[in-house]
Amino acid sequence: LALAQAYLGKGDFVHAREFIEMCKVLQSSEYHDTRAQIEAKLGNFSEALRYHKKAIADRNDKKIGEYLFNRGVTLYDYGDYAKALQDFEAAVALGVPGRNVYFRRGRTHRKLGGAANLARALDDFAAAAVQDPRD
């Protein structure tokens with residue numbers, strides 16, 4: 001699983017998929033989340049969303065906020081901004097650390113448009129700016 005995640009982090013999605021295939025016996029939330037991210041990066045959004053659904057099925061998993069954030073990224077990239085916003089909101093509520101959560105939520109508010117969303121986007125961008133850059 002670590003090799004698949006390393007290739008995913010390097011942007012080598014083909015090799016990431018090869019290594020994740022070797023891990024499918026795990027069937028853990030982390031496996032499903034990693035597989036979902038790989039499929040999304042390869043443009044297989046329906047497959048990615050199927051794996052995201054499996055990743056977030058265990059609501060007691062301590063990484064659930066990260067999994068919701070990752071599904072939000074996929075939904076955003078797919079163009080489903082309203083659902084992406086729901087996942088980013090949940091990730092913030094669950095305490096997912098780092099500026100990327102606020103930045104992504106701000107981008108989503110901006111895409112949704114309207115005065116209220118634009119004001120929220122500015123708030124999120126400001127919150128992202130003051131987060132620890134090491135997160």
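The model is predicted: local features need pLDDT of at least 70, side-chain atom pairs count only at pLDDT 80 or more, and totals for chains, interfaces and linings use all residues. Residues are numbered from 1 along each chain as its sequence is written, and side-chain values use heavy atoms, without hydrogens and water.

**Exercise 1. Describe how H3 packs on H4.**

Step 1. Find the helices. H3 covers residues 29-41 and H4 covers residues 45-55. Helices are DSSP runs (H or I, at least four residues), numbered from the N terminus.

Step 2. Take the geometry. The angle is about 165°, and the axes lie 8 Å apart. Axes are lines fitted to C-alpha atoms over the stretch in contact, and angles run from 0 to 180 degrees between N-to-C directions.

Step 3. Classify. H3 and H4 are therefore roughly antiparallel (angles over 145 degrees). Their crossing is left-handed (the near helix is turned anticlockwise from the far one by less than a right angle).

Step 4. List the contact (heavy atoms within 4.5 Å). From H3, the residues include Ser29, Tyr31 and His32. Among their partners in H4 are Phe45, Glu47 and Tyr51. By class, this contact has 7 nonpolar, 3 polar and 5 charged residues. Here Ala, Val, Leu, Ile, Met, Phe, Trp, Tyr, Cys and Pro count as nonpolar, Asp, Glu, Lys and Arg as charged, and the others, Gly among them, as polar.

**Exercise 2. Work out how H2 meets H3.**

Step 1. H2 spans residues 13-21. The axes of H2 and H3 come within 10 Å and cross at roughly 150°. That makes H2 roughly antiparallel to H3.

Step 2. The crossing of H2 and H3 is left-handed.

Step 3. Phe13, Ala16, Arg17, Ile20 and Glu21 of H2 touch H3 residues that include Tyr31, Thr34 and Ile38. The classes are 5 nonpolar, 1 polar and 5 charged.

**Exercise 3. Describe the packing of H4 and H5.**

Step 1. The angle is about 160°, with axes 10 Å apart. H4 and H5 are therefore roughly antiparallel.

Step 2. The crossing of H4 and H5 is left-handed. H4 contributes Phe45, Ala48, Leu49, His52 and Ala55. The contact divides into 7 nonpolar, 3 polar and 2 charged residues.

**Exercise 4. Which helix gives the largest share of the lining of the largest pocket?**

Step 1. Name the contributors. H3, H5 (64-78) and H7 (99-112) each supply at least two lining residues.

Step 2. H5 gives the largest share, 5 residues.

Step 3. Check the classes. The lining divides into 4 nonpolar, 4 polar and 3 charged residues.

Notes:
Angles under 35 degrees count as roughly parallel, over 145 as roughly antiparallel, 65 to 115 as roughly perpendicular and the rest as oblique.
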